[in-house]
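Thanks for making the time this morning; I would like to walk through one model with you, going from the overall architecture to the details. Please have the display open while I talk.

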Amino acid sequence: MRVEEIALRQEVRQMLTEAGINKTSIREITEQVLKEEVEKQIKNILNQTNMDSVIRSKISSFEFIDLLRNVIKQEVTEAIDIRVSVKADIKR
């Protein structure tokens, strides 16, 4: 590292110290800015994506229909108790 670079680093470090900024505060500021930016981008994506059509396409897929049919079948089978009795009278 050259002498100029070392001097510049020391000057920057001194300016940050005078402003009350240290590694911890820089980390907190960075985390906050990143969090805000991520939230903003997520909102933009959700606004740009037509969620209704995405949901509709997933619901109308064959995999979902089969899954729904199997779940309903299982629930009905567990909810209903079917008993069959056969009685035969033989007349001569």
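What you are looking at is a predicted model, and its mean pLDDT is 84, with 99% of the residues reaching 70 or more. Confidence is highest in helix H1, at a mean of 89, and lowest in helix H3, which covers residues 51-59, at a mean of 77.

As for the fold, the chain holds 4 helices and 0 strands, so that reading from the N terminus the order is simply α-α-α-α. How does the radius of gyration of the chain compare with what the globule rule gives for 92 residues? The chain comes out at 34 Å, well over the 12 Å from the rule, and is therefore more spread out than a compact globule. Along its principal axes, the C-alpha trace spans about 120 × 30 × 25 Å.

Finally, let me come back to helix H1, which runs over residues 3-18 and, with its 16 residues, reaches 23 Å from first C-alpha to last, close to the 22 Å expected at 1.5 Å a residue. After H1 comes Gly-20, which has a positive phi, near 80 degrees.

Methods
Residues are numbered from 1 along each chain as its sequence is written. This is a predicted model: local features need pLDDT of at least 70, side-chain atom pairs count only at pLDDT 80 or more; totals for chains, interfaces and linings use all residues. Side-chain values use heavy atoms; hydrogens and water are left out. Helices (H or I, at least four residues) and strands (E, at least two) are DSSP runs, numbered from the N terminus. The radius of gyration is taken over C-alpha atoms; the globule rule is 2.2 Å times the number of residues to the power 0.38. The expected span of a helix is 1.5 Å times one less than its number of residues. pLDDT is the predictor's confidence in each residue, from 0 to 100.
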